[in-house]
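Dear colleague,

I am handing over the structure we spoke about, and below it I have set out what was found when its atoms were examined. Please look through the structure first and then read the notes alongside it.

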Amino acid sequence: MRRGRGLLGAGMMVALGACGGGDSGDGGGPAAVQQYPAGIYTGKAGPLATQRDFIGIVDGGRNGTGGNFYFALDTGTSRGYDGLYGGLSVTLATLRATNATYYSTVDGKFVANGVTVSGIVTGAASAENPGARISGNYSNPAGTAAATSSPLVPFTLDYREDLYVRASSLATMAGTYQGGGPFGGAWNMTVDTAGRLTGSNSGCALTGSVSTPNPARGVYGIVLNLAGTGCSRPGSTQTGWAVLTYDAKGAKSGIWVFTTDADSKALNTFILNGLADNSVEPPDPATPQFAEGYWTPTSGAFEGVVTPDSYYFLYRRNGAGYDVLSGRLTRVAGSNSKMTDEAATFYSAQGTTAATSLNGTVIGDAFTGSFADPAAGNAATQFAMAKDGIYQAAPARLAAVAGKSYQTPSLEPLSMTVNVAADGVLSGSREACRIVDSSTDGGPISRIGPYPGITTQNLFQVKLIFTGAACAGSEDGIAVAVYDPGAQTAKGLRIFTLGTLTSSTQRVAKVAQLATPAP
């Protein structure tokens with residue numbers, strides 16, 4: 001798998017099951033009282049002169065004496081962290097895990113079912129609020145770049161009560177995270193307040209969910225579904241744990257994610273260490289905000305129209321064509337500014353369509369949003385737009401646009417000519433497709449007219465019907481007129497349509513920016 005620094009992707013994992021107990025092998029004297037190892041730990045691993053950061057999670061299992069574990073070792077390279085995972089058990093104070101799996105991120109190799117972890121657990125005589133230290137070692141991951149000259153690699157892990165004994169909630173987890181800071185990485189992940197997750201890592205799309213198995217503890221459950229050519233196992237699912245980190249003031253600062261393949265026979269694992277986006281949202285206005293209008297980009301390249309009844313058509317240039325995001329916004333319950341569309345459609349410049357979701361905030365003349373972008377591996381892609389005065393330039397009057405012929409400039413992706421008759425009937429062509437009008441075909445009519453219910457808005461309703469072997473079908477949409485300052489008649493039209501090709505039932509989205517020819 002392609003991966004950024006801090007995200008390991010290669011195959012993972014044998015099912016994590018509890019293993020039998022045994023001697024620690026570290027020379028320490030086990031305590032006579034049963035120890036309970038569940039928790040989040042940080043520490044060091046390796047010989048004293050070359051120790052590196054070591055972090056891990058231990059699940060207590062059914063009776064608290066052992067279950068699944070995941071440890072991660074900083075390699076000191078841009079590749080991020082090695083992974084060590086499996087199942088362990090603790091008998092009194094003796095910790096033992098056999099047949100654990102080791103993943104070496106530097107060379108992408110696994111030691112599967114061949115690593116033994118041994119140690120002593122102290123300070124964890126309570127299953128309800130453990131305060132443990134684990135001192136031990138794991139066997140040399142021979143045959144990988146992580147191999148050592150010693151048969152055993154020592155480690156010490158200290159229990160992190162500040163991370164483990166902390167309430168977890170989907171509201172706390174909600175936010176955007178990305179590889180950065182000391183760990184680098186080209187990955188990102190966004191979680192909403194319902195626990196739904198989207199993101200990407202170097203062309204590998206991530207979707208899934210986050211849960212709170214125990215709301216009194218700071219360990220989250222996580223499911224990642226992988227899709228795209230950048231994944232080592234596209235179509236597979238990973239499951240595991242996530243842990244939030246916090247700064248000295250208690251503010252959320254980052255995230256750790258440890259996952260393994262849901263197929264116990266597959267070798268694939270992710271380790272993410274990232275930073276939280278703590279940008280502060282503006283306060284919700286006291287009065288309802290409305291997205292209606294024409295919007296131009298301030299970041300993210302999207303622009304487009306939101307109609308009075310909340311239908312939207314947003315577009316951005318992509319190579320020789322346009323990507324289009326379309327659907328209908330609904331206001332989030334309890335908010336005056338937040339909008340959402342869980343059934344949005346993305347139309348790519350290459351002619352494909354995909355379902356997606358959009359979330360946005362409208363405050364005054366500013367619209368900020370994000371969506372799961374199919375063109376970027378379903379990464380959570382952000383955009384920002386500002387309201388443009390063209391929407392109020394002049395009321396939509398048929399007389400302002402009629403009696404003219406409009407053409408796309410030479411740099412536009414589609415070659416299109418539209419003739420507007422006095423009664424709004426349209427004729428013309430787009431590429432090799434002819435726009436049908438009633439006078440020549442005696443059939444359905446292509447027409448433009450003011451958008452229903454408007455009074456002062458510069459918004460038209462458009463119907464286009466095409467004939468031609470490759471393009472027969474109909475499209476419905478909207479248009480805005482373009483004016484010179486103070487002019488009463490339009491010098492151009494921006495037409496945005498959605499439709500279906502009769503020959504294939506394929507849904508299409510089209511953008512046409514037309515102007516009257518120069519005299």
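**Disulfide**

Counting pairs of cysteine sulfur atoms within 2.5 Å, one disulfide is found, and please bear in mind throughout that this is a predicted model. The disulfide joins Cys 204 to Cys 231, with an S to S distance of 2.1 Å. These two cysteines belong to distant parts of the chain, 27 residues apart, since Cys 204 sits in strand E14 (residues 204–211) while Cys 231 sits in the loop between strand E15 (219–227) and strand E16 (237–246). The link of Cys 204 and Cys 231 is right-handed, with 100° about the S-S bond, and both Cys 204 and Cys 231 are buried. As a reminder, a disulfide is a covalent bond between the sulfur atoms of two cysteines.

**Salt bridges**

The structure contains ten salt bridges, and I describe some of them here. One of them brings together the side chains of Glu 475 and Arg 430, at 2.5 Å from N to O. Because Glu 475 lies in strand E34 (residues 473–482) and Arg 430 in strand E30 (residues 426–430), this pair ties together parts that are 45 residues apart in sequence. Both Glu 475 and Arg 430 are buried.

Strand E34 also holds Asp 476, which is linked to Lys 463 in strand E33 (residues 460–467), 13 residues apart. In this salt bridge between Asp 476 and Lys 463 the closest N and O atoms are 3.3 Å apart.

Finally, a network of salt bridges links Asp 192, Arg 196 and Glu 342.

**A hairpin and two positive phi angles**

Strand E19 (residues 293–299) and strand E20 (residues 303–306) run antiparallel and are joined by three bridges, with Gly 293 standing opposite Val 306 in E20. The hairpin of E19 and E20 has three residues between the strands, and in this hairpin Gly 300 takes a positive phi near 95°.

Most residues other than glycine have a negative phi. Against that background, Leu 92 is worth a look, for it has a positive phi of about 55° although it is not a glycine. Leu 92 is found in the loop between strand E6 (89–91) and strand E7 (94–104), and it is partly exposed, with a relative accessible area of 37%. Glu 431 likewise has a positive phi of about 55° without being a glycine. Glu 431 is located in the loop between E30 and strand E31 (433–435), and it is partly exposed at 46% relative accessible area.

**Pockets**

The largest pocket holds about 1,300 Å³ of space. Its lining is made up of 41 residues, of which Thr 190, Glu 281, Lys 338, Asn 359 and Ser 370 lie nearest the centre. Which strand gives the most to the lining of the largest pocket? E26 does, with seven residues, and among the other strands that each supply at least two residues of this lining are strand E12 (187–191), strand E24 (338–347) and strand E25 (353–363). By class, the residues lining the largest pocket divide into 16 nonpolar, 18 polar and seven charged.

The second largest pocket has a volume of about 420 Å³. It is lined by 26 residues, and the closest to its centre are Ala 349, Leu 414, Val 508, Ala 509 and Lys 510. Strand E22 (321–328) and strand E36 (507–515) each supply at least two residues of the lining of this second largest pocket, and E36 gives the most to it, with five residues. The lining of the second largest pocket has 14 nonpolar, seven polar and five charged residues.

With kind regards

How values were computed:
Residues are numbered from 1 along each chain as its sequence is written. This is a predicted model: local features need pLDDT of at least 70, side-chain atom pairs count only at pLDDT 80 or more; totals for chains, interfaces and linings use all residues. Side-chain values use heavy atoms; hydrogens and water are left out. Helices (H or I, at least four residues) and strands (E, at least two) are DSSP runs, numbered from the N terminus. Buried means under 20% relative accessible area, exposed over 50%, partly exposed in between (1.4 Å probe, protein chains only). A salt bridge is a side-chain nitrogen of Lys or Arg within 4 Å of a carboxyl oxygen of Asp or Glu. Two strands pair if DSSP finds at least two bridges between them. On a 1 Å grid over the protein atoms alone, a cavity is a set of points where a 1.4 Å probe fits but cannot get out, and a pocket is an open set with protein on both sides within 12 Å along at least five of seven lines; lining residues have an atom within 4 Å of a point. Grid points are joined across faces, edges and corners, and a volume is the space filled by probe spheres set on the points. Ala, Val, Leu, Ile, Met, Phe, Trp, Tyr, Cys and Pro count as nonpolar, Asp, Glu, Lys and Arg as charged, and the others, Gly among them, as polar.
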